[in-house]
Amino acid sequence: MKKKDNYATSEFELGIMSTLDKNQQRTIIRAIGIGAGGINAVNLMYQNIDGVTFAVLDSDHQQLIDSPVRNRVLLRPNAAHGQGEKARHAVEESKAEIDAFLDDDTRMVIIIGSMGGYTGTDVAPEVARIAREKGLLTVGIVTIPFIFEGSQKILKALKGAEEMRKHVDALFIIDNQCLTEIYNDLDQSNAFTKSNETLTTAVRSLYCLITPIDRRVCMDFNDVNYTLRKGGNAFIVSGFGSGERRVTKALENALESPLLKDCESFSFKKILMIIYYNRDSESPLLMEEMNQIQEFMENFDHEVDVIWAPAHDSTLKDQIKVTILATGFNMSNSLPMGPKHES
Ligand SMILES: Nc1nc2c(ncn2[C@@H]2O[C@H](COP(=O)(O)OP(=O)(O)OP(=O)(O)O)[C@@H](O)[C@H]2O)c(=O)[nH]1
Ligand SMILES: [Mg+2]
């Protein structure tokens, strides 16, 4: 857990300037939260994920003040209200700060915005454009509002996601409404907390693929880069399995996630999988169990590009955990009022 600090310059408190942490961690993954939803999610990530450097960006000064994240980019107030040219202009004005945050160590940028309002929806695609112009692997993670928020917000969000898709290598869409299928206790008071947790899990899973717990695993940034680069629609899910045919169970469990409701399953172009097992348990991964992976892959188009590797995780006991990152599939019509999205 990182300690929450109250770093702020007096100019910042007055709303005059952005702040950059001069001792910015030298990490290869940078994540930027944009707008209230994106920032709230990033605030949770900041407390729970080491090894990723975070920034928050908003025209809402208070939103930045309330964040424990030190890298804060303040857009001119109200500058963000407007799509396209207007948003581009607002972001261009802060380009120096964004460039400084995305320094030479950076290889991957994750842009997190909840679609449906103004700032996240309009500004996130423009920030993605800047990151991609720098040649960085650029990934977007966006949320679509809950149905209770109303159709107008949802339609705006879907348009925002379309715009975002044009400017990122890979786009992860979290349809908040799917969370109601995962959590029985979901109500309006904890809905966004669950959304923030889901976004945090996605970022942590991506981070773990690039920075495995077990250094011996033969998976690294290049594999993740290969899968995500120009990947289009993307998802990352994990599943668990135990007992008989536990690898198959874990793979099936991962793909049963309600978060994949909108994906046309088995139409992926690229898949990257890690099979976690506990090598110190009484049941480490057996050769025979690897065949289950092969069998499972027969569900997919034979042209699908698959990279997979086993990895040790001491927290697992006799269970198997799999994490699946997949890209290049179509979205089905089940997104609320959503058109069919081609990747
Ligand atoms: N994950 C998450 N999503 C949120 C949260 N608050 C709001 N949202 C979602 O984000 C959508 C956009 O709202 P905001 O993030 O407040 O909007 P904004 O990007 O700050 O844009 P403005 O209208 O300029 O304030 C909402 O429709 C919600 O679905 C939050 O705390 N966490
Ligand atoms: Mg806002």
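**Entry 1: Cys-178**

I began with a cut-off: a residue counts as buried when its relative accessible area is under 20%. The model I examined is a predicted one. I then looked up Cys-178, whose relative accessible area is 0%, so I recorded Cys-178 as buried. Cys-178 is found in helix H8, which covers residues 176–182. I next asked which residues Cys-178 touches, leaving out those up to four places away in sequence. I found Pro-258, Leu-259, Lys-261 and Asp-262. For Lys-261 I also noted the separation: Lys-261 and Cys-178 are 83 residues apart in sequence, while their C-alpha atoms are 7.6 Å apart in space.

**Entry 2: The chain as a whole**

I turned to the protein chain and noted twelve helices and ten strands. The chain has 343 residues, and 56% of them count as buried. I also looked up the contacts between residues at least 6 apart in sequence, and 77% of these join residues at least 24 apart.

**Entry 3: Asn-196**

Asn-196 is found in helix H9. Not counting residues up to four places away in sequence, Asn-196 touches Gly-37, Asn-40, Ala-41 and Leu-44.

**Entry 4: The largest pocket**

I looked up the largest pocket, and its volume is about 700 Å³. It is lined by 34 residues, and those nearest its centre are Thr-201, Ser-205, Ile-236, Val-237 and Ser-238. Among the elements that give two or more residues to this lining are H8, helix H9 (191–210) and strand S7 (232–241). I asked which element gives the most to the lining. The element is S7, with seven residues. By class, I recorded 23 nonpolar, eight polar and three charged residues in the lining.

**Entry 5: Two helix pairs**

I took H6 (residues 119–133) and H7 (residues 151–167) as one pair; they pack at an angle of about 5°, with their axes 8 Å apart. An angle under 35 degrees counts as roughly parallel, and therefore H6 is roughly parallel to H7. The contact includes Ala-124, Pro-125 and Ala-128 of H6, and Gly-160, Glu-163 and Met-164 of H7. The residues of the contact of H6 with H7 divide into four nonpolar, three polar and six charged.

I took H11 (residues 246–255) and H12 (residues 287–297) as another pair; they pack at an angle of about 40°, with axes 8 Å apart. I therefore recorded H11 and H12 as oblique to each other. In this contact Arg-246, Val-247, Thr-248, Leu-251, Glu-252 and Leu-255 of H11 meet Glu-289, Gln-292, Ile-293 and Phe-296 of H12. The residues here comprise five nonpolar, two polar and three charged.

**Entry 6: Positive phi values**

Most residues other than glycine have a negative phi. I noted that Lys-230 has a positive phi of about 50° although it is not a glycine. Lys-230 is found in the loop between helix H10 (221–228) and S7. Its relative accessible area is 72%, and over 50% counts as exposed, so Lys-230 is exposed.

I then looked up Lys-317, whose phi is near 55°, a positive value in a residue other than glycine. Lys-317 lies in the loop between strand S9 (305–312) and S10. With a relative accessible area of 66%, Lys-317 is exposed.

How values were computed
Residues numbered from 1 in each chain as written. Chains lettered and ligands numbered in written order. Predicted model: local features only at pLDDT ≥ 70, side-chain atom pairs only at ≥ 80, totals over all residues. Heavy atoms only, no water. Axes fitted to C-alpha atoms, helices over the stretch in contact; angles between N-to-C directions. Helix = DSSP H or I, 4+ residues; strand = E, 2+ residues; numbered from the N terminus. Parallel < 35°, antiparallel > 145°, perpendicular 65-115°, else oblique. Contact = heavy atoms within 4.5 Å. Nonpolar A, V, L, I, M, F, W, Y, C, P; charged D, E, K, R; others polar. Buried < 20%, exposed > 50% of the residue type's maximum accessible area, 1.4 Å probe, protein only. 1 Å grid on protein atoms, 1.4 Å probe; cavity = no way out; pocket = protein on both sides within 12 Å on 5 of 7 lines; lining within 4 Å. Points joined across faces, edges and corners; volume = space filled by probe spheres on them.
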